[in-house]
Amino acid sequence: MRTKRLSAILENEMDDIERDPWVTGIETDSRKVSPGNLFICIRGYTVDGHEFAEDAVSKGAVAVISEYPLDLEVPNLVVADTKRTAGVVASAFYDHPSHRMRIYGVTGTNGKTTTATLTYDLFRLSGRPVGIVSTIGARYKDQTLKTPNTTPEAVVLHRILAEMADAGVTDCVVEVSSHAMMEGRVEGVRFHAAAFTNLTHDHLDYHRSMDEYARAKARLFEQVETTDGDAIILNAEDPASKTMAAFAPTRRRIMYSTHADVPADIQVIWHDQTVVVKMNALTIEAPVRFMGAFNAANLAAAIGLVSTSELMLRAIIANVPGLTLPKGRLERLDTEDAEIYLDYAHTPDGLEKCLSTLQQGERELVVVLSAAGDRDPTKRAEMGRIASRYSDDLIVTVHDVRTEDPRHIIDGLLEGVDSNTHYVTFEERRDALRHAAQQALVGKRIVVVGKGHDHVERVGQESIPFNESDILLDELKKLKGQEPAV
Ligand SMILES: CC(=O)N[C@H]1[C@@H](OP(=O)(O)OP(=O)(O)OC[C@H]2O[C@@H](n3ccc(=O)[nH]c3=O)[C@H](O)[C@@H]2O)O[C@H](CO)[C@@H](O)[C@@H]1O[C@H](C)C(=O)N[C@@H](C)C(=O)N[C@H](CCC(=O)O)C(=O)O
Ligand SMILES: Nc1ncnc2c1ncn2[C@@H]1O[C@H](COP(=O)(O)OP(=O)(O)OP(=O)(O)O)[C@@H](O)[C@H]1O
């Protein structure tokens, strides 16, 4: 694409009308620039991308977009906000991939990955060429791509979407974090439909208030198109749905609930091993392989999204028995020796939903509770309170300490723990897992929360491999007097 064409898209006069280089790609990271690329300078939280413009040019960048004029040997486009411009430019450069497929957004504090995955699987099991961009990576057909964030930055996102559209994908589910909305990562994406899961306490180290956090999420619904078939899917049981709806007053609205007495367009009621789905005067019962009323809510949101395609409800529900939760969500460790679950709960509400589900059983429940370092400390005491309410025994530890003192994290969690709750603390997560394995072998039900699918521990500036399932299985083997697996 010619630079002048990009300039026209941005309705922006280039400073150098004579030179009109051919742009072969777009980069926001000077370290990744190759000859022919357009470099976009982003002001970050750590450094200012404008400082790397010269470096990008020396690596072959043929044009630069910045927020102020730069003294460079290549054409320089100046815009007010490069983060938002990046999405607009990338969409045009990649031939508007979100116009070539239907994009389904999922936002909310908890349940985004689960809802996005269930939506993806409902399409996949129906035989549709579907894609997904989520916390656990991007996938389409037999391709899997690693993504650095839940929602990748705009240029990367459009690049991934273009790869999918070029490969014939017709429907793609994109998990949209509130950070993504604030940072302009979905700028230029046309959403066919979007679903809201819920809004509870999280990320108050980034958003200044719950109100700002809600409004960040709500902007996704503004971005949903208003043409036929497009819709927003809202949780009738969450009051924040009103805020989401207020941002998209003219969009078709599909409400969902998980209780028969909460009126909604879709009701999904979970009873142990089955769900009853009610929609459009149809009532269909289906067996399910997952637990928890909160997962019925995730399923309802997923059905809502898929129902905006031309798939019929009966055909959608026919695939419900084949659905499983993503890795690390109420995932039972693969062993006959013990009952251990791994769960990604890392917010007070997520923890409560997870523990209230696992508490329903005969066995004593032991919770391995933790919080991450350098991340929203205001939720720790509440998580401690919830864990002590639902557990018979607590093992308090840390994960991803980054630069924080583990003792400080543990003290934050203990602040909420009830004085009657028995607990032990471990500053090393591996020691906490060993203790949990011992408890499991005496017949207790264990749940290890915090990391879920994540196989890396972030310590200082380093990322160290840390596979919780393997560690637990090794510990169980050692405790049973067998050799650990290699
Ligand atoms: C707060 C935040 O959103 N940070 C994101 C941001 O990092 P940053 O602002 O520190 O970037 P920076 O290092 O200052 O760099 C600024 C610019 O200079 C460029 N640069 C930098 C160095 C260099 O040599 N050359 C160069 O060109 C960078 O490529 C960048 O364009 O831009 C990076 C590149 O896109 C992101 O990876 C990074 O996400 C970090 C890893 C992060 O932890 N983000 C979290 C808070 C986040 O976004 N989380 C949500 C999920 C939340 C949830 O639902 O749980 C998510 O969507 O993942
Ligand atoms: N609908 C829900 N309501 C409350 N808690 C939930 C819900 N769905 C899942 N959870 C809890 O939240 C945890 C994370 O689930 P999931 O990964 O689907 O959420 P997420 O919004 O994608 O999280 P993140 O954005 O941090 O990746 C689960 O392990 C579970 O404990």
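A polar contact is a pair of N or O atoms within 3.5 Å; within protein, one atom must be able to donate a hydrogen and the other to accept it, and residues adjacent in sequence count only if both atoms are side-chain atoms. The model is predicted, so local features need pLDDT of at least 70 and side-chain atom pairs count only at pLDDT 80 or more, while totals for chains, interfaces and linings use all residues. Residues are numbered from 1 along each chain as its sequence is written, chains are lettered from A and ligands numbered from 1 in the order in which they are written, and side-chain values use heavy atoms, with hydrogens and water left out.

In total, 20 residues surround ligand 2, and the closest include Thr-113, Thr-114 and Arg-329; a residue is near a molecule if one of its heavy atoms lies within 4 Å of it.

Ligand 1 is surrounded by 22 residues, with Ser-30, Tyr-45, Thr-46, Val-47 and Ser-177 the closest. The backbone of Val-47 places an N or O atom 2.7 Å from an oxygen atom of ligand 1, and a polar backbone atom of Thr-150 is 2.8 Å from an oxygen atom of ligand 1. From Arg-31, a side-chain N or O atom lies 3.4 Å from an oxygen atom of ligand 1.

Turn now to the helices, which are DSSP runs (H or I, at least four residues) numbered from the N terminus. Two packed helices are described by the angle between their axes and the distance between the axes. Axes are lines fitted to C-alpha atoms over the stretch in contact, and angles run from 0 to 180 degrees between N-to-C directions.

Helix α3 (residues 82-93) and helix α6 (residues 154-166) have axes that come within 8 Å and cross at roughly 20°. The two are therefore roughly parallel, a label for angles under 35 degrees. Contact (heavy atoms within 4.5 Å) joins Ala-86, Gly-87, Ala-90 and Ser-91 of α3 to Ala-154, Val-155 and His-158 of α6.

Helix α12 (residues 348-358) packs with helix α13 (residues 380-390) at about 10°, their axes 9 Å apart. Thus α12 and α13 are also roughly parallel to each other. Among the residues that meet are Leu-351 and Leu-355 in α12 and Met-383 and Ile-386 in α13.

Terms used:
Parallel < 35°, antiparallel > 145°, perpendicular 65-115°, else oblique.
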